[in-house]
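Okay, thanks for coming, everyone. Let me put the structure up on the screen, and then we'll walk through it together.

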Amino acid sequence: MELSNRQEQIIQIVKDNGPITGENIADHLSLTRATLRPDLAILTMAGFLDARPRVGYFFTGKTGSELLTEKLKKFKVKEYQSIPIVVEEDVSAYDAICTMFLEDVGTLFVTNEHGHLVGVLSRKDLLRASIGNQDLSSIPVHIIMTRMPNITICKPEDLLLDAAQKLIEKQIDGLPVVEPAENGLEVIGRLTKTNITKALVELGRDQHL
Ligand code: ADP
């Protein structure tokens, strides 16, 4: 985050004199305590300063990038996941292609008659099926999908950073977000590279509250 001149001055005063009360910081700058209140609130929320009752403000010693990393490590999958697009396993490859276009997604999750996750279908899986001279409307997706137990999953409470690591390691575009159900997994979300990009932009623009 960009600090104002005054905020930089406050940090320097606290570094040199901390622990120091808000009143004393205001004296150093010949300002009133009330004028400084928003700056002190910002510096405390951002993690540069900490305040203890009856002691005052002190410098946490954390650099901007340390604070950024701390924030990033708190992001959870559930805060960034999208709605999952799901098809049943006996749907045709042709219909799966239509669903991908209509829903504007690159990855479909495949479920069985109980609504449990059985596979993942990517664009390339469908392209591969299209290369042969086969009738796409007669090929069910369960023949061409990647199937359980080889599906990489994540949970809503997982760290976004861990999910991102899985995307890189497995070289895939998305993960199903799942919750345990009786005898299987229920798909409750979709976490893709786009969600990770959004989180990165929020972090960089300091919009994450
Ligand atoms: P694309 O094929 O469009 O490049 P991906 O890189 O995501 O998309 O998919 C590559 C392969 O990995 C496909 O065969 C797909 O079925 C499989 N795949 C995609 N996501 C997963 C996942 N979460 N777990 C296991 N396999 C996956």
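This is a predicted model: local features need pLDDT of at least 70, side-chain atom pairs count only at pLDDT 80 or more; totals for chains, interfaces and linings use all residues.

So, start with strands β4, residues 107-111, and β5, residues 117-122: they pair antiparallel, with five bridges between them.

Now zoom out a bit. Which strands make up the sheet, and in what order? There are four, running β3-β4-β5-β6, in an open sheet with mixed pairing. At the edges you've got β3 (86-88) and β6 (146-147), and each has a single partner strand, so one side of each has no neighbour in the sheet.

Okay, what packs on that sheet? Helix α6, residues 93-103, does, and it touches β3, β4 and β5. The direction of α6 makes about 130° with that of β4. Then there's helix α7, residues 123-131, which also packs on the sheet, touching β5 and β6. For α7, the angle with the direction of β5 is about 70°.

Last stop, a helix pair. Helix α1 (residues 5-17) packs with helix α3 (residues 33-45); the angle is about 75° and the axes are 10 Å apart. So that makes α1 roughly perpendicular to α3. Who's touching whom there? From α1 we have R6, Q7, I10 and I11, and they meet T35, L36, D39, L40, I42 and L43 in α3. Sort that contact by class and you get six nonpolar residues, two polar and two charged.

Over to you for questions.

Conventions. Residues are numbered from 1 along each chain as its sequence is written. Side-chain values use heavy atoms; hydrogens and water are left out. Axes are lines fitted to C-alpha atoms, for helices over the stretch in contact, and angles run from 0 to 180 degrees between N-to-C directions. Helices (H or I, at least four residues) and strands (E, at least two) are DSSP runs, numbered from the N terminus. Angles under 35 degrees count as roughly parallel, over 145 as roughly antiparallel, 65 to 115 as roughly perpendicular and the rest as oblique. Contact means heavy atoms within 4.5 Å. Ala, Val, Leu, Ile, Met, Phe, Trp, Tyr, Cys and Pro count as nonpolar, Asp, Glu, Lys and Arg as charged, and the others, Gly among them, as polar. Two strands pair if DSSP finds at least two bridges between them.
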